[in-house]
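Today I open my notebook on a new structure and look up how its parts meet. Come along and keep the picture open beside you.

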Amino acid sequence: MTAKLDLFAAAPSLMKSWMSTSVATASSLEPILAELVKIRASQINGCANCINMHTVEARENGETEQRIYLLSAWREAPCYSDRERAALGWTEALTRLSEGHAHESAYEALKAQFTEEEQVKLTLMINVINGWNRLAVGFGLWVDPAAAKAAAQAAA
């Protein structure tokens, strides 16, 4: 896949701000939970770039191959905590919002596992990964995870 344009060259100031927001939201909750959320949203959105990037980052944070492989079937897999399940349910509800507004049960699970502050942090993180998915799919991005990590560190 060849990128249609270089986002950081086309809109450097906005992309630097976007990257900073991305780093801030991702670091606001526990690292493995953040990566599971990013992978699941990226699976739903069909973003190969982000799936590739966040599975690498999940492994670097100690996530197991089994849990990464089972993520698309998290409801049936016994290896996720109630907190992770609540986050994944909320991720799916918000990522699939255009399919209908059936997110009340997901919100109830979210409230049981996350403080109000954490709910906002998680929701912002879900919004950011959905934004990255749209940028990557829309512009045909394929970024090496090591290069993305260096760019994120430079933006921080």
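**Aromatic pairs and a helix crossing**

I start with Trp18, which counts as partly exposed at 25% relative accessibility. I keep in mind that this is a predicted model.

In one of them, the ring centres of Trp18 and Trp132 are 6.0 Å apart and the planes stand at 55 degrees, so I note the pair as tilted. Trp18 sits in helix α2 (residues 12–26) and Trp132 in helix α8, so this pair ties together parts 114 residues apart in sequence. Is Trp132 buried or exposed? I find that Trp132 is buried, at 14% relative accessible area.

The other pair is Trp90 with Tyr107: centres 5.6 Å apart, planes at 50 degrees, so tilted. Here Trp90 belongs to helix α6 and Tyr107 to helix α7 (residues 104–113), so the parts tied together are 17 residues apart in sequence. I write down Trp90 as buried at 8% relative accessibility, and Tyr107 as partly exposed at 27%.

I see that the axes of α6 (residues 82–95) and α8 (residues 116–139) come within 10 Å and cross at roughly 50 degrees. The two helices are therefore oblique to each other, and their crossing is right-handed.

Which residues of α6 meet α8? I list Arg83, Ala87, Trp90, Thr91, Leu94 and Thr95 in α6, facing Glu118, Leu122, Thr123, Ile126 and Asn130 in α8. By class, I get five nonpolar, four polar and two charged residues in this contact.

Technical notes. Residues numbered from 1 in each chain as written. Predicted model: local features only at pLDDT ≥ 70, side-chain atom pairs only at ≥ 80, totals over all residues. Heavy atoms only, no water. Axes fitted to C-alpha atoms, helices over the stretch in contact; angles between N-to-C directions. Helix = DSSP H or I, 4+ residues; strand = E, 2+ residues; numbered from the N terminus. Parallel < 35°, antiparallel > 145°, perpendicular 65-115°, else oblique. Left-handed = near helix turned anticlockwise from the far one by under 90°. Contact = heavy atoms within 4.5 Å. Nonpolar A, V, L, I, M, F, W, Y, C, P; charged D, E, K, R; others polar. Phe/Tyr/Trp six-rings, centres within 6.5 Å; stacked < 30°, edge-to-face > 60°. Buried < 20%, exposed > 50% of the residue type's maximum accessible area, 1.4 Å probe, protein only.
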